[in-house]
Every structure is written in C-alpha cells, then in structure tokens.
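Open the model in your viewer. This tour tells you what to select at each stop.

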Amino acid sequence: MQGYNFAYLDEQTKRMIRRALLKAVAIPGHQVPFGSREMPLPYGWGTGGIQVTAAVLGRNDTLKVIDQGADDTTNAVSIRHFFGRTAGVRTTTHTAEATVIQTRHRIPEEKLREDQIIVYQVPQPEPLWKLEPSRVETKRMHALADYGLMHVKLYEDVARLGQISISYDYPVMVNNRYLMSPSPIPAYDNPKMNRMPALQLFGAGREKRIYAIPPWTEVRSLDFDDHPFRPINATQACGLCGATDSYKDEVITDDRGGRMFVCSDTDHCEQRRDAA
Amino acid sequence: MSDDPILSARGLTLSFGAIPALLNVDIELYLGEIVAIVGESGSGKTTLLNVLSGHLAPRSGIVTYRDPDGAPHDVHAMPSPMLRGLQRSDWGFVHQDPRRNLRMNVSAGGNVGERLMAQGARHYGDIRAQALDWLEQVEIDADRIDDLPRTFSGGMLQRLQIARTLVTHPRLVFMDEPTGGLDVSVQARLLDLIRSLVARLGVAVVLVTHDIAVARLLGHRIAVMQRGRVVETGLTDQVLDDPRHPYTQLLVSSVLQA
C-alpha cells in the first residue's frame, strides 16, 4: 500500500518494540514498559496487540486474528484486513495455517506449534491492580516476589463463596517467579499456556506494557492445595458441531428465550462440521 | 540459644535538618524481654523504632539483628528482599492505628492469614484453622472470622492487628503506642493480653510509649529519651522508683495519681 511502511508502524518504532519484546522473553512474565503509539483504532480494541503484531510480522507470515475465539467479528475482521492492506501478508482463519495469531480473550482449541507466535491483547497487565492501588508498591511486590496479597483474594473467595470465583483473567505464576495476568482469557484456557510450544507475547497499549512467555515455560494457575484450580466450562455439547471438549459460548437465538451453546472457537467448530 | 542480643544498636545518629532526632543511641534487646522506650512527644521514640526496624536509615551507627542460627546481620546493609522477608515473618510491627496495618476491605480471617500465605502457606483449611485459633487467642469471637474489620470496635481492631502480627510466630516485635487512643478499660485488657502472649511466645519486644503506666506494666527494661538522647536506662522498676536523671524525675513525678 502506498504511503505506509510495511505493517503500518515505522521501523524505529518496531525496533523499540522488538527491544522490549526481547527483554520480555528474557524475563518471563515480567512487565516491560514501552513507548506505545497512537494506532488507528481506539484503546481497548487491541492497540497493544496490534503493535506487537506489527513488530513481529514478516513478509512470509500468515496472520490469523480472533476475537473471543471468533474469526468473523468486527474486531477480528478489521485487524486482519488492516494487516492484509498495510503489510500485504497472507491471512487465514485456520489455526494450523497461521504463523502469527493475534487474539483477544481466547486461545485456539487446536494445539499450537513451535513455529507459531500468539499475540494477546491485554487491557490490564497488572494482576494486582484491584488489590493494591499503588503502582510503585506493585512494582516492589513483583521485585521481591511478595505475592501473599493475591492469595488473600483467593482466600476471601473461598471463605465467602466456598470456591475460587475467578472465571477469566485468572492469575498465573510464570516460571515460578512472576505473577502474571494471562489477559481476560477464560480460566478454561489457562492450562494451555503451561509448557506451550508456541511463543506467547502480550501487549497492553493503553497501559504501555509488554510481557512474554517463551516456549515450553511452566505456567501455573494459583490455587490452594485443598481447593485446586478447576477450569470452568459449560456442560452442554456444542449445538452446531456436538463437541464436548471445547470452550462454549451461550448464544441467544431469538427474543422468546431461545438459546444454545456453541463453540467459541469458530474455526475449530467449522472444521469439525466439515469433517462430519 | 545464644546469650547474644537479638537486636543491638550502636551509636545511632540521625537528624532532620537542624533538628537532632537521634544522638548516639545505643540499645540492646534480648529474646523474651520487653524494652520500653518512653519520653515526651518529639523526643525521637518513633524515629528510633523506625530506624531499628529498617524503615529509616540512620546517618551513622549500626543496627545488628541476630537470626535464629545466631548469625549477625546489619539491618541497613542487608538486601531489600531479605529485609522484606524478615518484616513479613520473623519480625512484626504493631502500629498505634491498626488501620495502617490491616486491610479494611478483607475479612478478619484473611487479615490474619495474609502473613501465612506470604510465607508460602497454600492449604486453605490450615490457614483458616490457624486464623480461628489466633482470633480465639486475642479474644475475638470465632463467628466474626468472615466479617470486615470496619465492623469492629477500636479495641477489637487492635487485637486483630496483634493476631495478624503474631500468627507467624515472630521473634521480634516493634510496637508503637499499641494502647494509644483506647479507653482505659479496653487498654487494661489489651495490656493484659499483650503481656500474656509475649510471655508465652517468648518474643522480644521494643515498645514505644509515652505512658509511664504502660511501660511499668509491660517493660522489663526501660530507656528514657529526651531530645534524641537516651538519658537513662535500666530495669523498669529501678528506673521508675529511683529515677536519677532530672528529666526522668520530672517524667515520673508528673504522672497523675488515680
């Protein structure tokens, strides 16, 4: 496309982001500040993820973008189209064909491989932000690995509700050192992050932070010995493909109370139906 | 157990601008004893407590802490992860205002359990059992365990703070006017509680107070401070019954007799 650098961002900005990415990969789970740029989409729509994608995208890459697991929602379609125009890279909706996957709030059902990169859009990188308002203090807590407070939140959940009530953005320990927000993916997806073969990159545009999990890194969801972590999912099978082992969304189908559970990962659901 | 002091300070000096807060202060503290630091407002009591507990660095002088293995550590030279580790396990700090130490939006049980979880306790049932045990020890009803501290009275908050501090069985506790701002009958019960807990657990306590009666009741030894200097030290009864320094004499004679 005329008038734009490859993948929209100028090369200096990409170098700056890549430096932050290298540091983030070197210290798994640690939040690295970076000079987040204005992007042609509003904060909260994936300005962090889109900058990370722009910095890692090469001419031979194939890009997939998902939003809540779906390839066909506004956000996913726009970002895919954006890189199709500004970088001219191939785009796909099939997880297996993609080399770079930008995602909002889901990890694909299909297992990712070592030659793939997954880029998460992150609204709030600080896992302790609801518990400790001061960023100076949370930085100190990360530096000293002082994470008792996060467990206090889990304790309060069990004391009041009888179980840990976090269903998304479930805090994890990365490489037994840093407490990390996995971005608002469902807790159901947390186990997929553990020892994932693909490189996982996280970009928070408004908060100006980048962090990463290198391939094959241990990622553990916080829990108690007597209240272990449990992934939450609907018990119903998918109304379209019949899958029971995928994460489901409840969809309202009409205004007379009609509803059904369908796979949140549209690509996974379509492939299952095609195969049947 | 060794006979060396658990905490010793030598030649502590610190001034805020032209105001001397500490002048060449020496102090020693042994396991199982309570040292009371008394003096009027502005005499440097709280500054001394902050320096001893590592919150404030002195301009000169050294504070040495002896760990359970008997190894000495310079409090102001130790790496901050180690100091933080001490502050959340081996040491405790009881503030005059319990709200500074407690999390007001976290239940009583969560408040007591936090230090355990910070130390790595990961079994909910154990944490809750210990929290219940400690609430009982500080005379808070077991059925208040899931209540928020803001529904507690001032005396209960102070007792909750003590439970939260002592749950990890610290060896060294700093107390800054623990009975300040409480009415007399609540104060009496709290003093009784502190005395029995400290005696049973065998912890060492540095107690800062302006109340001579509190010092007499709790302190084994006493240090009287005036304008940043320790003007008199000794056994509490000795010092208070037979004060030598004119300032101590003034302090003792100005206590109201009920």
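Is A:Ile213 buried or exposed? Select A:Ile213: this residue is buried, with 29 other C-beta atoms within 10 Å. (Buried means 20 or more other C-beta atoms within 10 Å, exposed 12 or fewer, partly exposed in between; C-beta atoms are placed from the backbone.)

A word on the model: it is predicted, local features need pLDDT of at least 70, side-chain atom pairs count only at pLDDT 80 or more, and totals for chains, interfaces and linings use all residues. Residues are numbered from 1 along each chain as its sequence is written, while chains are lettered from A and ligands numbered from 1 in the order in which they are written.

Stay on A:Ile213. This residue sits in strand 9 (residues 209-213) of chain A. Strands (E, at least two residues) and helices (H or I, at least four) are DSSP runs, numbered from the N terminus. Show its contacts, including A:Pro28, A:Val174 and A:Val219. (Contact means C-beta atoms, placed from the backbone, within 7 Å.)

Next, select helix 5 (residues 154-166) of chain B. Of its 13 residues, 12 are buried. They pack against strand 6 (91-94), helix 3 (108-118), helix 4 (124-137), strand 7 (172-176) and helix 6 (184-201) of chain B.

Last, go to the contact between the chains: 18 residues from chain B, 15 from chain A. On the chain B side, helix 2 (80-87), helix 3 and helix 4 each give two or more residues. Helix 3 of chain B gives the largest share, 7 residues.

Note on methods. The expected span of a helix is 1.5 Å times one less than its number of residues. Two residues are in contact if their C-beta atoms, placed from the backbone, lie within 7 Å. Lists of a residue's contacts leave out its neighbours within four places in sequence.
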